[in-house]
Structure formats: structure tokens, C-alpha cells
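Visitor: Hi! I'd like to chat through a structure with you. Could you put it up for us?

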Amino acid sequence: MFGQAVAQLRPHTAEPWTMGLRVGAGMGFRTLLDTQGSPVNALIIGVRDEREVPKAAFAAVVNMGKQLGKRIGLELGIGYHQLGWTHRTDLDDLSFGDAIDPRRGFIYVTGDVVPTKVIYKDAFHHIEVPIGLTVRVGKGRLRSVSAVGMAPSIMVAARGRTVYEYADGTKEETTYKKAEDFNAFNGFAYLSTGLALRMGDRFEWRLQPTVRYGLLDIIDAPITAKLFSGTLDLGFRYAL
């Protein structure tokens with residue numbers, strides 16, 4: 001009887017804090033928006049949607065986690081997120097005389113030979129602070145784990161890269177800081193779901209496909225955009 005009372009009074013051992021690292025790679029793109037309802041803007045968006053394609057996206061997050069219950073947990077951290085899009089222009093298909101960048105009105109050619117193709121790559125670099133809830137389901141070493149949350153972010157750089165391709169197969173690249181006045185702050189809603197593999201009492205591997213969507217416009221302009229990406233994230237966690 002006395003032994004049973006002692007067992008009932010024994011304090012519950014709380015789940016420890018965990019620390020982890022997650023890195024991911026995938027594709028990023030944008031949703032174009034007409035803020036004025038203009039037919040001209042709608043035409044420009046249509047042309048851009050035909051020529052612009054997704055670009056490689058990358059993410060890395062260092063975070064800490066805490067189980068709040070049997071299934072629900074909390075995670076918070078700091079990370080880096082890079083995404084954007086690519087614009088391809090085949091100059092051989094254009095009907096006008098001079099080679100013109102449809103986005104800026106001209107192209108930057110350093111020589112006398114006109115390129116046959118121009119590729120513009122726009123990349124936006126963010127520092128973010130993800131805060132979210134995790135859901136862990138299952139028993140044993142292999143479990144299902146999902147996360148949903150918000151990541152306030154700051155755009156630390158907006159870079160452009162132009163690749164000129166010539167008829168003889170040669171290429172020329174230029175990199176530059178984008179001149180547009182982009183909004184510094186944004187917030188990315190994110191959702192991930194995948195598998196967690198426990199390796200002992202303290203170590204855990206995670207594989208989580210993750211989708212991020214920017215909730216705010218990236219620029220105050222007649223045509224603006226919201227950024228989004230999908231990455232396959234690989235990470236680990238260690239119980240402190």
C-alpha cells in the first residue's frame with residue numbers, strides 16, 4: 001500500500017527541449033497580382049506567365065522544440081530562405097527588330113553580337129523566424145510528424161542574374177542588385193509533413209516536404225507578386 005502511494009506521488013518527467021537543424025531544396029515561384037484592375041496590366045501578367053518559370057529554392061533553419069503533450073509540440077527558430085523565378089526570352093522568336101527585354105525595355109549586350117536567348121533569374125533572400133505547432137503520431141522508432149506555423153521574415157537581398165546565350169554556344173553572365181524598392185518585411189505561412197526516425201533516446205532524423213507561402217506583396221506597384229516555394233527538408237533533432 002505504501003509503495004503504491006509513493007508511485008502515485010512520483011513527479012512526471014517532462015519532455016526535454018530539443019535542438020535541431022533542417023535544410024531543404026526545391027522550387028520557388030510567384031503569384032502575380034494586378035493592384036489596379038487595368039487591362040494593360042492583365043496583358044502584361046499574361047505574357048509574363050507564359051515566359052516565367054520556377055527557380056531553385058533553398059532553406060535552412062536552426063530551431064528548438066518542446067512537446068506540450070502526447071502529440072502536440074511547439075517549435076521556434078531562425079532560418080534562411082531563398083526563392084524567386086526565372087524569365088526566359090528566345091530572341092529568335094521576337095518579331096521586332098532590336099533585341100528588347102520585355103521587362104525593362106532593353107538588354108545589356110557588351111559586344112556587337114546579339115544573343116539568341118536571354119535568361120533572367122530573380123532571387124530573393126530572407127532571414128525568417130519560424131514559430132509553429134508540431135503534431136507527432138505513432139509509436140516506436142518511425143513516426144509521422146507534421147508542422148504548421150508562421151515565419152515573419154526580412155528580405156535581406158534581392159539579386160538578379162542575366163545569362164546571354166549566343167548562336168555559337170557561348171554564354172555570358174552578369175549579376176546585379178535589383179533596383180526595385182521591395183518591401184523589407186513579409187510573413188510566410190508554412191506547412192510540412194513527413195517522417196521522423198528515432199535513433200536512441202536523444203537523436204532523431206526527419207524528412208519533411210515543406211510548402212511556404214508569402215502572405216504579403218513583395219512590392220508596392222501596379223503589378224506585384226506573392227512568393228511561394230516547395231522544398232524537401234532533411235533534418236535532425238537532439239534532446240537536450
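Guide: Happy to. One term to begin with: buried means under 20% relative accessible area, exposed means over 50%, and partly exposed is in between, using a 1.4 Å probe and protein chains only. This is a predicted model, where local features need pLDDT of at least 70 and side-chain atom pairs count only at pLDDT 80 or more, while totals for chains, interfaces and linings use all residues. Residues are numbered from 1 along each chain as its sequence is written, and side-chain values use heavy atoms, with hydrogens and water left out.

Visitor: Great. So is Glu-173 buried, exposed or partly exposed?

Guide: Glu-173 counts as partly exposed, because its relative accessible area is 46%.

Visitor: And which residue does Glu-173 form a salt bridge with?

Guide: Its partner is Arg-161, with the closest N and O atoms 2.9 Å apart. A salt bridge here is a side-chain nitrogen of Lys or Arg within 4 Å of a carboxyl oxygen of Asp or Glu. The pair links distant parts of the chain, with Glu-173 in strand β7 (residues 171-177) and Arg-161 in strand β6, 12 residues apart. Strands are DSSP runs of E with at least two residues, helices are runs of H or I with at least four, and both are numbered from the N terminus.

Visitor: What about Arg-161, buried or partly exposed?

Guide: Arg-161 is partly exposed, since its relative accessibility is 28%.

Visitor: How many salt bridges does a search of the whole structure find?

Guide: The search finds 12. Among them, Glu-180 and Lys-178 form one with their closest N and O atoms 3.8 Å apart. Glu-180 is partly exposed because its relative accessibility is 36%, whereas Lys-178 is at 8% and therefore counts as buried.

Visitor: Why is the pair of Phe-29 and Phe-228 edge-to-face?

Guide: Because their planes are at 85°, with the ring centres 6.3 Å apart. Phe-29 sits in strand β1 (residues 18-34) and Phe-228 in strand β10 (residues 223-239), so this pair links parts of the chain 199 residues apart. Phe-29 is buried, as its relative accessibility is 16%, and Phe-228 is partly exposed at 27%.

Visitor: Which residues form one aromatic cluster?

Guide: Phe-29, Tyr-213 and Phe-228 do.

Visitor: Back to strands. Where is Ile-154 found?

Guide: Ile-154 is in strand β6, which covers residues 142-165. With a relative accessible area of 40%, Ile-154 is partly exposed.

Visitor: And which residues does Ile-154 touch?

Guide: Not counting residues up to four places away in sequence, Ile-154 touches His-125, His-126, Ile-127, Ala-184 and Phe-185. Contact means heavy atoms within 4.5 Å. The C-alpha atoms of Ile-154 and His-126 are separated by 5.4 Å, and the two residues are 28 residues apart along the chain.

Terms used
Phe/Tyr/Trp six-rings, centres within 6.5 Å; stacked < 30°, edge-to-face > 60°.
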